[in-house]
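Hello,

Here is the structure I said I would pass on. My notes on it come after the sequence and model.

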Amino acid sequence: MIYLAEDKKHIGLEIHKEEKFLTDYLKSQEIINCNIQKVLKKVVADETISSVENAKNFSKNLSGILSLLKKSNLNIDLIQELIKKINSIIVDAPDYEKKIKTFNFLYSNHLDKIVKNTIKLERFLSNFNDYLDESSNEQQSENTNGENILLISEAEQKVVLPYTMENVNKMLIDDPNKYKTIKDVIDNVYTKPIGYYRYSSIMRFKEAFNLVRKREHGSFIKALDLGLELFSNYSLHPAVITACKNLNELDIYLACLEYNELDDFHFFKTIFKMKPIVSHNTTKNLI
């Protein structure tokens, strides 16, 4: 909830804190969603239907899990709606009080549904703790980079774009013939050779142009303007532009970069892994 006060700066801080809470809460719900999908895959893979009774039990179990998955998807949709509403609040705009009241109304209604659903989901998942712990360990060995991380590695000669396990698992389920493991999805969908960004100025222009035209469906002129603006921004790695989902994310990143406050950029974390410096000095003893 956001409480209206005369001090707009205080309201701005409250909005920021609430947005951070919702973003973190969304991540926790995405983990729950992924775990339910893992259980669903396990049940489908393990069930042996050898009789009518087995078939009935399987159908009942499957129906129950799908119902819970639906509740989990609803939780994610409701939180995303709240995040969208809170991002639309601009304290200096004349309608900010009206938007805050709308957000508070939705927050009160949505949070009640989310909490009730979450209790049911966590109660269900508690029956599969051993399996999920084992699955998590396997996943950890496959995925050393983590979610929502932009990895730019000269040492490994690759760039890994930010991803969420929700999206990765969805691809595994939607296209099982193409992707067999988490690593398959990450390598094929989210990984680029570092050579792709070799000509950084040209790639800044290209990625900025594509961001406006393909992801934002903006005009040719707007895409051209942004491409030219970022062409000579030598402190900006072009992979950051690729990683940004929309112009809002890119604008916030650029502002954080300008004021050296990248810790305040919460959409994804950027990790640079450089090649080790090899010394060519053959002198063994220095006096």
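The model is predicted, so local features need pLDDT of at least 70 and side-chain atom pairs count only at pLDDT 80 or more, while totals for chains, interfaces and linings use all residues. Residues are numbered from 1 along each chain as its sequence is written, and side-chain values use heavy atoms, with hydrogens and water left out.

Fold. The protein has ten helices and four strands (DSSP runs, H or I of at least four residues for helices and E of at least two for strands, numbered from the N terminus). Their order from the N terminus is α-α-α-α-β-β-α-α-β-α-α-α-α-β. Of the 287 residues, 37% are buried (under 20% relative accessible area, with a 1.4 Å probe and protein chains only). Among contacts (heavy atoms within 4.5 Å) with a separation of 6 or more, 65% are between residues 24 or more positions apart.

Cores. The largest nonpolar core contains 39 residues, and Leu150, Val159, Leu230 and Leu250 have the most contacts inside it. Such a core is a set of buried Ala, Val, Leu, Ile, Met, Phe, Trp, Tyr and Cys residues joined through side-chain atoms within 4.5 Å. At least two of its residues come from each of β1 (149-153), β2 (158-160), α5, α6, α7 (200-215), α8 (220-231), α9 (238-243) and α10. Leaving aside residues up to four places away in sequence, Leu230 touches Arg204, Ala208, Leu236, Ile241, Leu250 and Leu254. A second, separate core has 20 residues, including Ile11, Leu78, Tyr96 and Ile100.

Gln29. This residue sits in helix α1 and counts as buried, at 1% relative accessibility. Residues up to four places away in sequence aside, Gln29 touches Ser72, Asn75, Ile76, Ile79, Ile114 and Thr118.

The largest pocket has a volume of about 1200 Å³. Of its 31 lining residues, Glu19, Thr23, Ile83, Asn87 and Phe267 are the closest to its centre. Two or more lining residues come from each of α1 (8-46), α2 (52-87), α5 (165-174) and α10 (247-258), and α1 gives the most, with nine. A pocket here is an open set of points on a 1 Å grid over the protein atoms alone, where a 1.4 Å probe fits, with protein on both sides within 12 Å along at least five of seven lines; lining residues have an atom within 4 Å of a point. The volume is the space filled by probe spheres set on the points, which are joined across faces, edges and corners.

Regards

Notes: Buried means under 20% relative accessible area, exposed over 50%, partly exposed in between (1.4 Å probe, protein chains only).
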